[in-house]
Amino acid sequence: MGPVVAVVGGGQLARMLAAPAAALTINLRALVEAGDGAAGQVIPDAPVGAANDAAALNQLVAGADVLTFEHEHVPGELLAALEADGVAVRPGRTALANAQDKVHMRRTLTNAGVPCPQWAQVRSVGELADFGDRAGWPIVLKKPVGGYDGKGVRVINSAAEGGDWLTDGQVALAEEKVDFAAELAVLLARRPSGQITTWAPVQTTQVDGVCSEVVAPAPDLPEDLAAQAVQIAERIAGAIQVTGILAVEMFHTTDGRVLVNELAMRPHNSGHFSIEATTTSQFEQHLRAVLDLPLGAVDQQAPWAVMVNVLGSARTDPTTAYPQVMAAYPEAKVHLYGKEVRPGRKLGHVTLTGTDLGELRRRARAAADLLEGQGP
Ligand SMILES: Nc1ncnc2c1ncn2[C@@H]1O[C@H](COP(=O)(O)OP(=O)(O)OP(=O)(O)O)[C@@H](O)[C@H]1O
Ligand SMILES: [Mg+2]
């Protein structure tokens with residue numbers, strides 16, 4: 001009974017699809033890197049295989065209603081072959097290309113009239129120097145492909161500093177270093193039939209390039225800019241015909257503009273708060289969207305939601321902090337992903353909802369600290 005959703009990837013995002021899938025009798029099948037990983041632990045139908053293995057992908061989609069992803073690492077040629085075979089690939093290959101290659105993304109967004117930081121594709125130290133002189137040093141240099149959690153992103157003060165990313169014909173994306181008041185994300189879901197629901201913009205805080213805290217809705221965002229941010233995200237969704245969740249990372253600049261940083265086409269760290277805080281979570285909505293089912297309401301139940309990531313832990317098993325954290329913070333919703341502890345690794349998150357934003361932030365941070373093995 002129920003539709004079959006095939007998902008590529010075995011991390012926490014696939015794992016968090018499992019709860020709403022169970023509630024809705026949607027059969028989740030995940031192609032995982034390891035059977036005992038975050039998703040493999042909770043999804044019984046979890047074949048082990050690589051995201052770039054054509055045979056593994058063909059087996060994954062056999063009998064499935066739709067193919068979707070928790071990461072962007074399936075090669076475009078394999079997606080094209082699956083689409084040619086009539087597989088419902090959601091998001092589709094051409095949309096997903098914008099999450100796979102940041103230069104391609106910048107080109108698409110610029111062509112669609114979406115406000116971005118100044119940018120250029122650079123192929124040599126000379127081109128990098130020209131861009132930096134135009135945009136003003138320091139600038140941000142990015143690897144177009146394969147970056148995550150700030151890996152593949154550097155601030156550089158001179159062209160020579162970026163030379164090591166331009167050897168052997170490599171290209172890079174150079175960007176103006178944006179002076180931002182805050183980072184934002186706008187999440188939406190879009191069905192193949194075109195229906196879109198959009199969450200209110202949230203504020204994200206990155207530490208060393210990794211998301212540390214999310215506040216929903218974005219606290220210091222003027223109403224007109226919030227409306228603009230939503231409009232931008234919806235324009236992008238239509239322009240690239242995305243299906244499923246689209247997360248648009250943005251900058252709220254100190255001079256009062258909204259610029260797009262990058263796109264993700266899957267459930268996103270900035271949307272984890274929605275599990276407890278909004279009527280429909282991003283994970284349920286992603287399943288509904290890729291199955292082309294009517295989308296759920298996304299209104300927020302409490303005035304504020306705060307999500308804090310658990311990044312690394314001094315405990316080898318962070319669940320051993322449960323007695324302490326559950327006693328001290330009974331209102332906290334704790335999520336741990338079953339991942340082996342490594343320094344700085346995303347192991348879980350904590351969400352609090354309520355009315356006193358300062359108190360929510362303090363208590364969410366303190367609960368995460370306990371899971372990280374800090375504090376008493
Ligand atoms: N042009 C820019 N100006 C200023 N800061 C930037 C710029 N681009 C990126 N950053 C900072 O670096 C962080 C990581 O950049 P980006 O989101 O492009 O990388 P990523 O590693 O792909 O991230 P993710 O983990 O979201 O996939 C951003 O959240 C932001 O804090
Ligand atoms: Mg990012």
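## A helix pair to start with

Arg-365 is partly exposed, with 29% relative accessible area; here buried means under 20%, exposed over 50%, and partly exposed in between, using a 1.4 Å probe and protein chains only. This is a predicted model, in which local features need pLDDT of at least 70 and side-chain atom pairs count only at pLDDT 80 or more, while totals for chains, interfaces and linings use all residues. Residues are numbered from 1 along each chain as its sequence is written, chains are lettered from A and ligands numbered from 1 in the order in which they are written, and side-chain values use heavy atoms, with hydrogens and water left out.

The partner of Arg-365 is Asp-369, and their side chains form a salt bridge at 3.0 Å, N to O. A salt bridge here is a side-chain nitrogen of Lys or Arg within 4 Å of a carboxyl oxygen of Asp or Glu. Because the two residues are four apart in helix α11, about one helical turn separates Asp-369 from Arg-365. Asp-369 counts as partly exposed too, at 22% relative accessibility. Helices (H or I, at least four residues) and strands (E, at least two) are DSSP runs, numbered from the N terminus.

## Salt bridges across the sequence

The structure holds 16 salt bridges. In one of them, Glu-175 meets Arg-106, with the closest N and O atoms 2.9 Å apart. Glu-175 belongs to strand β7 and Arg-106 to helix α5 (residues 102-111), so this pair ties together parts that are 69 residues apart in sequence. Both Glu-175 and Arg-106 are buried. Lys-142 joins Arg-106 and Glu-175 in a network of salt bridges.

Helix α11 (residues 357-371) takes part in another link: Arg-361 in this helix and Glu-213 in strand β11 (residues 210-216) tie together parts that are 148 residues apart in sequence. Glu-213 counts as buried at 11% relative accessibility, whereas Arg-361 is partly exposed at 28%.

## The three-stranded parallel sheet

An open sheet of three strands runs in the order β2-β1-β3, with parallel pairing; two strands pair if DSSP finds at least two bridges between them. β2 (27-31) and β3 (66-69) stand at the edges with a single partner strand each, so one side of each has no neighbour in the sheet. Neighbouring strands are turned by 30° against each other on average, direction ignored. Axes are lines fitted to C-alpha atoms, for helices over the stretch in contact, and angles run from 0 to 180 degrees between N-to-C directions.

Five bridges connect β1 (residues 4-8) with β2, and Val-5 stands opposite Leu-28 in β2. Helix α2 (residues 54-61) packs on the sheet, touching β1, β2 and β3, and its direction makes about 175° with that of β2. Contact means heavy atoms within 4.5 Å.

Helix α9 (residues 282-290) also lies across β1, β2 and β3, at about 145° to β3. Nine of the nine residues of α9 are buried, so the helix is largely enclosed by the rest of the structure. After α9 comes Asp-292, with a positive phi near 55°.

## A buried loop residue

Glu-72 sits in the loop between β3 and α3 (76-84). Glu-72 is buried, with a relative accessible area of 13%. Beyond its neighbours within four places in sequence, Glu-72 contacts Ala-99, Gln-100, Ala-264, Met-265 and Arg-266.

## An antiparallel pair

Strand β4 (residues 119-122) runs antiparallel to β7 (residues 172-176), joined by four bridges. Gln-121 stands opposite Leu-173 in β7. The covered face of β4 carries Ala-120 and Val-122, and the uncovered one Trp-119 and Gln-121.
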